[in-house]
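Open the model in your viewer and keep the sequence panel beside it. The tour below goes from one selection to the next.

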Amino acid sequence: MNISNDLLGTTVALISCVIIGIFAFRRHFAKHDKLKPRMVPWIIISLAAIATGFMLLVHLVNILGIETGRN
């Protein structure tokens, strides 16, 4: 089966956004006993990954032939 480059790239990017989002959510809600604040804003990273993943999902649906925008 011949997979186009757009479909492959979008799928890989979507999978990586899901992995980054899950990792950042787990890091944000992990137990934190230190007095120093966390230097990495994990919730912002996870929300950015979710937003990017949603845009990639819409792009993937468009690649598959379903039109999601206005005519």
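Helices here are DSSP runs of H or I with at least four residues, numbered from the N terminus. The model is predicted.

**Stop 1: the loop.** Select Arg38. Arg38 sits in the loop between α1, which covers 5-28, and α2. Is Arg38 buried or partly exposed? Its relative accessible area is 30%, so Arg38 is partly exposed; the buried class is kept for values under 20%.

**Stop 2: a tryptophan in α2.** Select Trp42, which is found in helix α2. The relative accessibility of Trp42 is 15%, and therefore Trp42 counts as buried. Which residues does Trp42 touch, not counting residues up to four places away in sequence? Show Phe23, Ala24, Arg27 and His28: these are the residues that Trp42 touches on that count.

Use the distance tool on Trp42 and His28. From C-alpha to C-alpha they are 5.2 Å apart in space, while in sequence they are 14 residues apart.

**Stop 3: a serine in α2.** Move to Ser46, whose place is in helix α2, residues 42-63. Ser46 has a relative accessible area of 0%, so it is buried. Leave aside the neighbours of Ser46 within four places in sequence, and the contacts are Gly21, Ala24 and Phe25. Ala24 was also on the list for Trp42.

**Stop 4: a nonpolar patch.** Select Ile20, Met39, Val40 and Ile45. These residues make a nonpolar surface patch of about 380 Å². Look at Ile20 in particular, which lies in helix α1. Ile20 counts as partly exposed because its relative accessibility is 44%, and the exposed class needs over 50%.

**Stop 5: the last selection.** Select Ile63, which is found in helix α2. Is Ile63 buried or partly exposed? With a relative accessible area of 30%, Ile63 is partly exposed.

How far apart in space are Ile63 and Thr10, C-alpha to C-alpha? The distance is 9.2 Å, and the two residues are 53 residues apart in sequence.

Technical notes: Residues are numbered from 1 along each chain as its sequence is written. This is a predicted model: local features need pLDDT of at least 70, side-chain atom pairs count only at pLDDT 80 or more; totals for chains, interfaces and linings use all residues. Side-chain values use heavy atoms; hydrogens and water are left out. Helices (H or I, at least four residues) and strands (E, at least two) are DSSP runs, numbered from the N terminus. Buried means under 20% relative accessible area, exposed over 50%, partly exposed in between (1.4 Å probe, protein chains only). Contact means heavy atoms within 4.5 Å. Patches are made of residues with over 30% relative accessible area and no salt bridge: like charges are joined within 9 Å, nonpolar side chains (Val, Leu, Ile, Met, Phe, Trp, Tyr) within 5 Å. Accessible areas come from the Shrake-Rupley method with a 1.4 Å probe; for residues, only the protein chains shown count as cover. A salt bridge is a side-chain nitrogen of Lys or Arg within 4 Å of a carboxyl oxygen of Asp or Glu.
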